[in-house]
Amino acid sequence: MVERVPATVTWGLFAAWVVHDAEELATMARWSRSARPRLERLFPSVPWERLEVSQAHVTVAIGLMGAVMAAASAEGARTGGRSPLFQAALAGFGAHGVVHLAQAALTRGYTPGVVTSPLVVIPFSVWAWRRLKAAGVPVDAGPSASLAAFPVLASAVHGLAHVLTRRRIRRPAA
């Protein structure tokens, strides 16, 4: 028997993402500057100067990812949670929460997103998958492909944010 998947599952993904990314929006740029000396001592071979981000970059990147998450949630609502895009976004979101916990453990301190990961991201993801299964929704048989796509998407979003927010250097007129 197939039950109706409530909007709390499909649009709940977008709502949970908003809560989580509000933490990242409020902390990421400042954290990338203030944590750098400690991170350089812990991991000297990482090019930390290239990983520091401005508030404009963070804002644009979060906006771009927000568009992806809104589209995935809309597809999930339209298809009753059956959309591969929705399921991929849900899988990526849950894995993203686990990555935040691993980053905090690895860096031995706070990292942006680590507070809402165990409180919102991971519990919502587990709950949403359980609701999909209970409603009889076929769950994507290839979640590993979905998870592999997440770092590619995150890199693309940050790359585009970099292009859109980089400072233009004025060259003297010839």
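How far apart are Phe124 and Trp127 in helix α6? Select residues 116-134 to bring up helix α6, and you'll see that Phe124 and Trp127 are three residues apart, so about one helical turn separates them. (Helices here are DSSP runs of H or I with at least four residues, strands are runs of E with at least two, and both are numbered from the N terminus.)

A quick note before moving on: this is a predicted model, where local features need pLDDT of at least 70, side-chain atom pairs count only at pLDDT 80 or more, and totals for chains, interfaces and linings use all residues. Residues are numbered from 1 along each chain as its sequence is written, and side-chain values use heavy atoms, with hydrogens and water left out.

**Stop one: the aromatic pairs**

Searching the whole structure turns up two aromatic pairs. Rings of Phe, Tyr and Trp (its six-membered ring) pair if their centres lie within 6.5 Å; planes under 30 degrees apart are stacked, over 60 edge-to-face, and the rest tilted.

Select Phe14 and Trp17 next. Their ring centres are 5.8 Å apart and their planes sit at 15°, so this pair is stacked. Both are in helix α1, three residues apart, so about one helical turn lies between them. Color by accessibility and Trp17 comes out buried at 8%, while Phe14 is partly exposed at 25%. (Buried is under 20% relative accessible area, exposed over 50%, partly exposed in between, with a 1.4 Å probe and protein chains only.)

Now hop back to Phe124 and Trp127: this pair is tilted, with 5.8 Å centre to centre and 45° between the planes. Phe124 is buried at 12%, whereas Trp127 is partly exposed at 32%.

**Stop two: the largest pocket**

Show Met28, Val53, His57, Ala154 and His158, which lie nearest the centre of the largest pocket, out of 50 lining residues. On a 1 Å grid over the protein atoms alone, a pocket is an open set of points where a 1.4 Å probe fits, with protein on both sides within 12 Å along at least five of seven lines; lining residues have an atom within 4 Å of a point.

Which helix gives the most to the lining? Select α7 (143-165): this helix supplies 13 residues.

**Last stop: Ala95**

Finish on Ala95 in helix α5, partly exposed at 27%. Draw a distance to Val121, 26 residues apart along the chain, and the C-alpha atoms come out 8.9 Å apart.
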